[in-house]
Amino acid sequence: MAQEMPKAYEPHSVEAKQYEYWMEQGVFRAEVNPDKPPFCIVIPPPNVTGVLHMGHALDETIQDLLTRWKRMSGFEVLWLPGTDHAGIATQNVVEKMLAEEGTSRQQIGKEAFVERTWQVAKEHHRVIVQQLKRLGSSVDWSRERFTLDEVCARAVREAFVTLYEQGLIYRGDYMINWCPRCHTGLSDLEVEDTPTQGHLWYIRYPGSDGGPGVVVATTRPETMLGDTAVAVHPDDERYKQLIGTSVRLPLMERDIPVVADDWVDPEFATGAVKVTPAHDPNDLEIGRRHNLPSVVVIGNDGAMTEQAGRYAGLDRFECRKQVVADLQEQGLLVRVEEYEHVVPRCSRCNTVVEPLVSTQWFIKMKPLAEEGLEAVRSGKVRFIPQRWTKVYCDWLENIRDWPISRQLWWGHQIPVWHCRKCGEMTVSRQDPSACAHCGSDQIERDPDVLDTWFSSALWPISTLGWPQQTPELEYFYPTSVLVTGYDIIYFWVARMIMFGCHLKGEVPFREVFIHGLVRDETGRKMSKSLGNVVDPIGLIEQYGADSLRFALLQLITHGQDLTYSPDRLVGARNFCNKLWNASRFVLMNLDEAVTSSDIPSPGELGLADRWILSRHAEMLETVHRQLEAYNLAQAAEALYDYVWSEFCDWYVELAKNALYGDDPGRKRATQALLRRLLGEILRALHPFMPFITEEIWQRLEPGAGSIAVAQYPQAEAAMRDPQAERQMETVQSVVVGIRQLRADLSISAGKKADVTIIAAEEETGNLLRQEQAGIMSLATVGQLTVTAGPADPPNNAIGTVAAGCQVFLHLEGAVDVAAEVERLQKKLAKLRADKQRSEAKLSNEKFVTGAPAEVVERERRRLEETQADIAKLAVQLEALEQFGAD
């Protein structure tokens, strides 16, 4: 059947059309279907702060591969899409927009700010949806969720109230990480500890009695304004006489006690430390043990408070400079040392975080962590690669309570109402009209919102309808696998497992496939500040979605970071073109009436047919095995190697003899086999490269429906034929040997050359005679002579050894001997010069002992390769010169 296919594959003319076709056909729709086993993935919801990056492209490609594979394998598949409101991150984006417009959220007010944030979120959501479609994501759009929509909001409120009723959520004054820029508390996971080159200031605190007092060291001199003690170790002989006395706090002129505390490290600096309970978590604990007052000198805005005296109103870092200057002026700054220490910064805006005591909402994590640990240790949840299990367990074993309240305007507002009359709190699943304790209507809702990860932790259950027991929740939960990067195991994976186990009574997913992060060519993390961010949609525009997907899949190694390279994209695009061209050839040479049922029994097939069926079965078995083990790159490589090399480069070329020959039976059998092979190749490749395979499939099997719901091909063990593979390997070796001789002699591609083969055994000779037509066409042979057993080599020929055979290419009529001799002589002269240079280097003692070991080894290998090339060229040159002399 002569199918009209464009000569070149144009992704832009295919991708949008095919995605629309899938949508029209409803191939991504999932239903509760008891007749099929369920397979469910909930998408890690992209933040509505911007657009998708390369990490998203990798994440979605992996999920789509698994989703399409399972859908074609007979599962009822739900890939549930959605986006995340990303509380603090989205609020920061909008605040930056307002700042560029010369205003702020405080100026426009909460209602207007939230409305503006919704507008931004909706616009980013629109772009994200389009990007997901460009990638080919086969999600069920009818079930799309947003972490701030009504369905998720109902789950969030139910979870909060339930945990509160169980005594797992509490409110209290505790020291937290406070971001002065974002004006909110942060969990430890939202803080990045940044190594920083700073200073250690040594300050003298004079004795209250006029004595020398004590010298303390600090990295934050501005906090000394809030000191309420100096602490020393009780066993430190240097300070035993000072314990129980007091010293004068410089600049503030108030007396503070010297206390003994085991926490103090006598080896650090002077062994005496300043104690500021309001601004350091360790100092807070010392303060509690010794009943010290807490003096807040830094406010929520990062400025000094009234309690900082004359420094009130200064920015904390400006205050630091002024305090240091004043101490120096008063002669109390003993010395300053360079000192590298860790500075905590907000992961969202990079502002230095301030430890402050604040009233916040917390979750008691120990009970939940025990459930999360049991889920993994019992095997209910399996990490792939397995090594991430330890990372997960280590964190849960040392977990701290989670501060879940955020002082933001964008997010799930905490469902708690404070009564102005009795002071009690009402925690409710529904908005109350009166205080649950005294009945007063003078109630006010808590202004804080929940940490965005609270709603994200509910994602697998909320998206399926929890707290209602929906049919979807019953059928698809637990979900099958979570695909995500290792960077959010703590933020998200662990919390989903804990919430799922505690609130639903069952793990949220059976497996967690952890992949690495996408880095640039030099191994650096992609970031705007480095200017190395790569836009996946730009790559789709340039190379096509299938090329991007396949290139990313080829790079995956279990849990290791991926190094992006444009060369991979070029290689993947070339693979698309190779598949397109081979398919175009097959379709142009198929008769419409021929079907796969026209394939004869194996005994009636030729060697190439039996060989390709055997290799085809081996490829399918390998792909299935590697996909089951989440070895996605290995599965991709198995397909790539088979399609490019074995199918396209060997079988399609060998099939031309049958297609263009005079035997109608053989032609029909070859056509039937090509139809079957191409159809199964397209189906096997579809999860990896959905667009091009759908386009070709519809031309190969018009009226058969979408390839996305066709059966995934299964390996047939009966098709394996080791003997055919061994025999074909012999044929291939001979062809490759002839091609190498042609390349060595620079014989043009279309010029035929005569060849003589002397086989060591009669069986091999018979095989090569039987496959003579194929050898001649593949190696561009004019006349092929095959003999077996001992025989003299032909005159005027250059030979090689392949598969135990002597293969000779006749020079007469194939080579311009004089020109070739001149070419080889020049090449030989260059190689000998290269050899001399390498020998000179390796005989130089300074080079051998002074250069890096890998450089010396590389030079040795270069010399060995050059010597081998010289020997080979010398033999060729001798044969050519002999032929010329004759």
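How far is the sulfur of C346 from the closest cysteine sulfur, and which residue holds that sulfur? The views below take this up, along with a helix pair.

These legends describe a predicted model, in which local features need pLDDT of at least 70, side-chain atom pairs count only at pLDDT 80 or more, and totals for chains, interfaces and linings use all residues. Residues are numbered from 1 along each chain as its sequence is written, and side-chain values use heavy atoms, leaving out hydrogens and water.

**View 1. C346 and its closest cysteine sulfur, in C349.** The two sulfur atoms lie 3.8 Å apart, too far for a bond; a disulfide is a pair of cysteine sulfur atoms within 2.5 Å. C346 is buried, with a relative accessible area of 2% (buried means under 20%, using a 1.4 Å probe and protein chains only).

**View 2. C648 and its closest cysteine sulfur, in C576.** Here the sulfurs are 12 Å apart, again too far for a bond. C648 is buried as well, at 7% relative accessible area. If you are looking for disulfides elsewhere, a search of the whole structure finds 0.

**View 3. Helix α16 (residues 545-555) crossing helix α19 (residues 632-659).** Their axes, lines fitted to C-alpha atoms over the stretch in contact, come within 7 Å and cross at roughly 120°. F550, L553 and Q554 of α16 meet L632, A633, A636, E637 and Y640 of α19, where contact means heavy atoms within 4.5 Å.

Definitions and conventions: Axes fitted to C-alpha atoms, helices over the stretch in contact; angles between N-to-C directions. Helix = DSSP H or I, 4+ residues; strand = E, 2+ residues; numbered from the N terminus. Buried < 20%, exposed > 50% of the residue type's maximum accessible area, 1.4 Å probe, protein only.
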